[in-house]
Amino acid sequence: MLMLAQNSECTSTLTVARLAQHGGKLIHQYRRRCLSVQEERSLATLRLLPTPTLDRKLQVCSRSFQMLGRTLHGSAACHRAVVQFKLSDIGEGITEVTVKEWYVKEGDRVSQFDSICEVQSDKASVTITSRYDGVVTKLYYDTDDIALVGKPLVDIETESTSDVIQEEDVVETPAMAREEHTHQEIKGLKTQATPAVRRLAMENNIKLSEVVGSGKDGRILKEDILNFLAKQTGAILPPSPFGEIRTPSPAPKPPPLAASLRVLAGKDVTEPLKGFQKAMVKSMMAALSIPHLGLCEQVELSRLVALRAELRTEARGHGLKLSYMPFFIKAASLCLTRFPILNASLDESCQNITYKASHNIGVAMDTSLGLLVPTVKNVQLLSILEVAQELNRLQELGAAGQLGTADLSGGTFSLSNIGSIGGTYAKPVILPPEVAIGALGKIQVLPRFDVSGHVTRAHIMNVSWSADHRIIDGATMCRFSNMWRDFLQNPASMLLHLK
Ligand code: CAO
């Protein structure tokens with residue numbers, strides 16, 4: 001009771017307007033809940049029932065109330081400041097991005113980790129999230145504008161304490177987010193939360209491992225702590241005032257209909273190259289400087305077709321789609337172990353070759369944003385099922401237009417399965433700094449002679465290899481191709497080499 005009285009005193013120092021704005025409803029509900037626990041306690045005492053549970057509830061309730069009082073009191077005391085939220089360095093030499101979509105408008109409230117906008121660099125699509133609680137007062141760009149790294153993106157009028165204001169602006173991709181926030185190892189699991197959220201949890205004796213994070217990648221937010229407390233006390237929290245702009249996952253982007261419609265209407269349309277198109281220009285111009293060696297081969301995949309049919313049900317049991325790609329990728333990795341020069345890079349002055357230890361196999365992917373090449377990392381360490389799992393993940397991200405820089409960089413060798421769309425032959429272009437790539441055509445049922453000279457049905461796929469002829473000769477490419485073909489024609493033989 002004494003604690004409640006102190007807290008009531010504390011809240012009375014807040015102005016009515018502030019209360020309305022910052023959670024008067026919340027306080028009211030907590031107060032009501034705490035009082036009802038108190039009433040429950042009195043009733044229990046009257047009925048001579050044991051009260052330890054109620055006492056605990058009351059303690060927890062008081063703690064939450066104290067915490068709320070502190071938070072709101074702090075808010076009342078702090079001054080408002082406008083923070084210019086700048087677009088930070090995304091890395092990889094990126095200096096500008098295209099603003100694809102705003103998730104906020106001027107006047108919207110944001111809290112930490114709310115998505116502000118989606119931008120597209122020439123390497124990846126990146127979600128920018130807020131590090132501040134406050135109100136967005138200015139957007140510096142319109143959709144489709146080019147935003148410059150280091151320049152202001154939005155202004156946010158903050159209502160937080162000064163230690164938050166001093167924090168650096170943040171640009172976040174799913175992968176970078178993991179580095180940006182502090183981690184806590186708990187029984188092999190990592191919990192993600194900002195120091196402020198951790199402090200809140202600590203002050204209320206809450207173990208982060210017991211809280212389910214509702215932020216991106218399971219990150220624990222301030223609200224999760226409040227909800228956790230509410231569950232302990234039985235209080236009902238009001239809906240988040242920031243709920244309407246919480247982390248929207250961008251829907252697959254429709255094709256740019258406007259331009260094509262205008263073309264259909266008989267008008268020429270000229271528009272600037274942006275994002276991934278720009279990146280394609282850059283990497284393909286760089287590829288032009290590579291003398292390409294080409295080699296084509298036919299692969300008889302009847303055994304693989306039968307094997308996949310057998311294994312896909314089991315993969316489905318693991319919640320995975322098992323296509324042919326994981327076999328193609330794993331076979332390529334086994335061959336790269338034998339032919340490391342195909343998993344290498346040549347420096348710009350053509351003086352040094354670097355043989356890469358990791359087999360990071362890029363997979364050309366037809367995504368909602370166009371052609372991208374995410375990489376399955378360290379294939380040499382993965383089982384076929386693990387490759388399938390990673391490919392499934394990348395495909396899901398690709399379909400949602402959410403592939404980040406980490407998934408799109410670091411490739412050491414590539415495969416392009418144009419056959420999944422229906423192409424029979426292709427002439428793949430090497431993606432520098434890689435030195436080789438394979439294009440896979442569609443698997444067709446065609447007549448072939450068996451060993452006794454009888455015509456049989458066979459599943460045939462064309463594969464076309466391109467290699468950097470400055471460092472790779474035709475014989476090496478051909479031996480690699482033979483080995484890859486043999487693994488897939490007799491997939492059981494891969495077993496002997498799997499670790
Ligand atoms: N021949 C016949 N069928 C094929 C096939 C092929 N070469 N490749 C895939 N398939 C089948 C799959 O087995 C799957 O069938 P089921 O539903 O029966 O399993 C179906 O086609 C769809 O496969 P998928 O495309 O979802 O998955 P995947 O692992 O085979 O391919 C990916 C993944 C990312 C390579 C593919 O989706 C893709 O984007 N391909 C286009 C690549 C591209 O654009 N290349 C050009 C680059 S240069 O501009």
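Guide: Val-119 stands opposite Val-126 in β5. The model is a predicted one. Strands β4 and β5 pair in the antiparallel sense, over five bridges. On β4 there is also a pairing with strand β2 (residues 96–102): four bridges join the two, and they run antiparallel. In that pairing Val-99 stands opposite Val-119 in β4. Strand β4 itself, residues 115–120, is mostly covered, with six of its six residues buried.

Other strands form an open sheet of four, in the order β1-β8-β6-β3, with antiparallel pairing. At its edges stand β1 and β3 (109–110); each has a single partner strand, so one side of each is left without a neighbour in the sheet. Strand β8 (residues 152–158) and β6 pair in the antiparallel sense over five bridges, and Leu-139 stands opposite Val-154 in β8. On the β3 side, two bridges make up the antiparallel pairing of β3 and β6. There, Arg-109 stands opposite Val-135 in β6. Strands of a sheet pair through backbone hydrogen bonds, in either the parallel or the antiparallel sense.

Next come the aromatic rings. A pair of aromatic rings is described by the distance of the centres and the angle of the planes. The count of aromatic pairs comes to eight. One of them joins Phe-85 and Tyr-132: the ring centres are 6.2 Å apart and the planes stand at 80°, so the pair is edge-to-face, the cut-off for that class being over 60 degrees. This pair links distant parts of the chain, 47 residues apart, with Phe-85 in strand β1 (residues 81–86) and Tyr-132 in the loop between β5 (125–129) and β6 (134–139). Phe-85 is buried, at a relative accessible area of 0%, and Tyr-132 is buried as well, at 1%.

A further aromatic pair, Phe-413 with Phe-480, is tilted, at 5.7 Å centre to centre and with 50° between the planes. Phe-413 belongs to strand β18 (residues 413–417) and Phe-480 to helix α15 (residues 474–489), so the pair ties together parts that are 67 residues apart in sequence. Phe-413 has a relative accessible area of 0% and is buried; Phe-480, at 0% relative accessibility, also counts as buried. Both rings belong to a cluster linked by ring pairs, which takes in Tyr-324, Phe-328, Phe-339, Phe-413, Trp-465, Phe-480 and Trp-484. The charged end of Arg-308 sits over the ring of Tyr-324, 4.2 Å from its centre, while Arg-338 lies over the face of Phe-339, at 4.9 Å from the ring centre.

Leu-488 is in contact, beyond its neighbours within four places in sequence, with Val-299, Glu-300, Leu-301, Leu-304, Phe-327, Phe-328, Ala-331 and Met-494. In soluble globular proteins, nonpolar side chains tend to be buried together.

The 16 residues of α13 should span 22 Å at 1.5 Å a residue, and its end C-alpha atoms are 22 Å apart, which agrees. Buried in α13 are Ile-384, Val-387, Ala-388, Leu-391, Asn-392, Leu-394, Leu-397 and Gly-398. What covers them includes α12 (325–338), β14 (361–363), β15 (365–367), β17 (375–376) and α14 (405–408). After α13 comes Gly-401, which has a positive phi, near 65°.

How values were computed: Residues numbered from 1 in each chain as written. Predicted model: local features only at pLDDT ≥ 70, side-chain atom pairs only at ≥ 80, totals over all residues. Heavy atoms only, no water. Phe/Tyr/Trp six-rings, centres within 6.5 Å; stacked < 30°, edge-to-face > 60°. Buried < 20%, exposed > 50% of the residue type's maximum accessible area, 1.4 Å probe, protein only. Lys NZ or Arg CZ within 6 Å of the ring centre and 35° of its normal. Expected span 1.5 Å × (residues − 1). Contact = heavy atoms within 4.5 Å. Pairing = 2+ DSSP bridges.
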